[in-house]
Amino acid sequence: MARINRNYEKLPGSYLFSEIARRTAAYQEANPDARLIKMGIGDVTRPLAPTVVAAMHAAVDDLAAAETFHGYGPEQGYAFLRDAIAEHDFAARNIAITSDEIFISDGAKSDCGNIGDIFAEDNVVAVCDPVYPVYVDTNAMAGRAGDYDADAERWTNIVYMPTTAENDFTPALPDAPVDLIYLCSPNNPTGTVLSREALQRWVDFANATDAVILFDAAYERFIADPAIPHSIYEIPGAKTCAIEFRSFSKTAGFTGARCGYTVVPRDLVREGQSLNAMWNRRQTTKFNGASYVIQRGAAAIYTPEGAAQVDETIDFYRANARTIKEGLAAAGLEVYGADNSPYVWCRTPNGTGSWDFFNRLLEEANVITTPGAGFGPAGEGYIRLTAFGDADDTREAVERIKRMLDAESRD
C-alpha cells in the first residue's frame, strides 16, 4: 500500500491566502453589488514594461523559425540572463557574484520552499515572527517543524524570533543553536528593513555556528534608503554562510510570467560539501529551467530602457504605499513599513483580533487586506495592506477605512 507524507496532516487549515480568497468569494457571492478593493494578496496590477513585452515577442518569433528555435535550455538558466544579473544586480554594487553562482527559476516562492531539498530533515529552523508562511509550511511538509500547537499557534520545532515594533523589527540572535535562518528584507509582511549593522550580526553569527542564512530579497528594488543593503552579499563574510533569493514578480510585474533566481556562492560549504554543487544537482534533476521567452523578457529589464520603465512602475507602487501609510496614520492608526517596501503593516484599533478586523474591513469598507495572525503568533493584532493596486482604488480604499473608523468613533 502506498503511504502518504503524514506531515501534511499536521498543517493547520488552509494556506493563508487560500483562506482569504475563500472568505472574499463567500462575501462577494452574498453581496454581488459590492465593489471590493483588493489590498490583500501581493499581486501586481501594472502591465509589463514595453521593453520587456517587445523582448518576449521577439523571443516567440525565435521559436517560430528552425534556425532560432530553442528547446530545452540550461537548467541553471541562459547565460544572457545570468550574465546580466551578475553585472547589474551585483557587480554594479561592488559584489563579486559570478554567473555560475546564479540559478534562474520560476520564482522566489518555489526556491524558498525547494531549497530545503539540500538540507537534512533534522536541521533546526529559525524564522522571524511574523513570517512569510511559505518558510514555515514547506519545512513542516518536510518534517522539520515538529507538531503544530494550536493553542500557541506555532510549531514545536521551529524557533520563532519576534520581529515587532517593540524591538524595532530587528530580531535578536537566538539563544539556542539553530541551523537554517530565514531572513527577509524588505520584510514580508511588516514592510520594514534590516540595517547593515543588523545583517552583519547575523552573518557573523551564522559563520561562527556553521548555520546557513536563507535571505529573501524579493523586494530589494523598493529600497529607497541608500544606507540599507539590497543584498546580503554586501555584508563581509556572507558568501560563506548565505543563500539569497530574488524575484522579478514584484520588481518587474512577473507574478504571472514567473521568473526569479537564487544565488548559491561557491564558497558556501557545509560538512565538506559545496551547496552550490548540491543545488545544481537538485535543479538538473528536478527542474527543466524557466522558459526561453520569459528569460528573454527578464533580461530586457537590464537594458537602459527596461530599467527606466521598471523604475517608473516601482515609483507608482511607492506612491501608493505612501498614500496608505499617511492616510491610515492620519486616521489614528499605528502603521509601519511602506518607506522601502510595497507593504504597510498596521496595528488593529483597540486590540481587535486580526481576523475580526479583516472581516470588518471586508464587510463594512469592502476592502480586502491580510490578517497579521496568518503570518505567525506575533502578527496577531495587525493587518497587512499592499500597494500593488490602482492609484484611484488605493485612495478610495483608504477613504473607506477612514470613514469606517470615523463612524465607529461616533457610535
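Biologist: Which helices each supply at least two residues of the lining of the second largest cavity?

Modeller: A cavity is a set of points, on a 1 Å grid over the protein atoms alone, where a 1.4 Å probe fits but cannot get out; lining residues have an atom within 4 Å of a point. Here helix H7 (249-252) and helix H10 (304-330) each supply at least two residues of that lining. Helices (H or I, at least four residues) and strands (E, at least two) are DSSP runs, numbered from the N terminus. This is a predicted model, in which local features need pLDDT of at least 70 and side-chain atom pairs count only at pLDDT 80 or more, while totals for chains, interfaces and linings use all residues. Residues are numbered from 1 along each chain as its sequence is written, and side-chain values use heavy atoms, with hydrogens and water left out.

Biologist: What lines the second largest cavity, and how is the lining divided by class?

Modeller: Its lining consists of Arg-46, Pro-47, Ala-49, Thr-251, Ala-252, Gly-253, Val-310 and Thr-313. By class, there are four nonpolar, three polar and one charged residues. Ala, Val, Leu, Ile, Met, Phe, Trp, Tyr, Cys and Pro count as nonpolar, Asp, Glu, Lys and Arg as charged, and the others, Gly among them, as polar. The space in this cavity is about 40 Å³, where a volume is the space filled by probe spheres set on grid points joined across faces, edges and corners.

Biologist: How many cavities of 30 Å³ or more does a search of the whole structure find, and what lines the largest cavity?

Modeller: The search finds three. The largest holds about 50 Å³ of space. Among the residues lining the largest cavity are Cys-128, Phe-169, Cys-184 and Asn-187. That lining comprises six nonpolar, three polar and no charged residues.

Biologist: Why is strand S7 (residues 180-184) largely enclosed by the rest of the structure?

Modeller: Buried means under 20% relative accessible area, exposed over 50%, and partly exposed in between (1.4 Å probe, protein chains only). Five of the five residues of S7 are buried, so the strand is largely enclosed. In a regular strand, side chains alternate between the two faces of the sheet. In S7, Leu-180, Tyr-182 and Cys-184 lie on one side and Ile-181 and Leu-183 on the other, and all are buried.

Biologist: Which strands are joined to S7 by bridges?

Modeller: Two strands pair if DSSP finds at least two bridges between them. Strand S3 (residues 125-129) runs parallel to S7 and is joined to it by three bridges; Val-127 stands opposite Tyr-182 in S7. Strand S8 (residues 212-216), also parallel to S7, is joined to it by five bridges, and Leu-180 has Val-212 in S8 as its bridge partner.

Biologist: In what order do the seven strands form the open sheet?

Modeller: The order is S2-S10-S9-S8-S7-S3-S6, with mixed pairing. Strand S2 (102-105) and strand S6 (158-162) stand at the edges with a single partner strand each, so one side of each is left without a neighbour in the sheet. S2 runs antiparallel to strand S10 (residues 260-263), with four bridges between them, and Ser-105 stands opposite Gly-260 in S10.

Note on methods: 1 Å grid on protein atoms, 1.4 Å probe; cavity = no way out; pocket = protein on both sides within 12 Å on 5 of 7 lines; lining within 4 Å.
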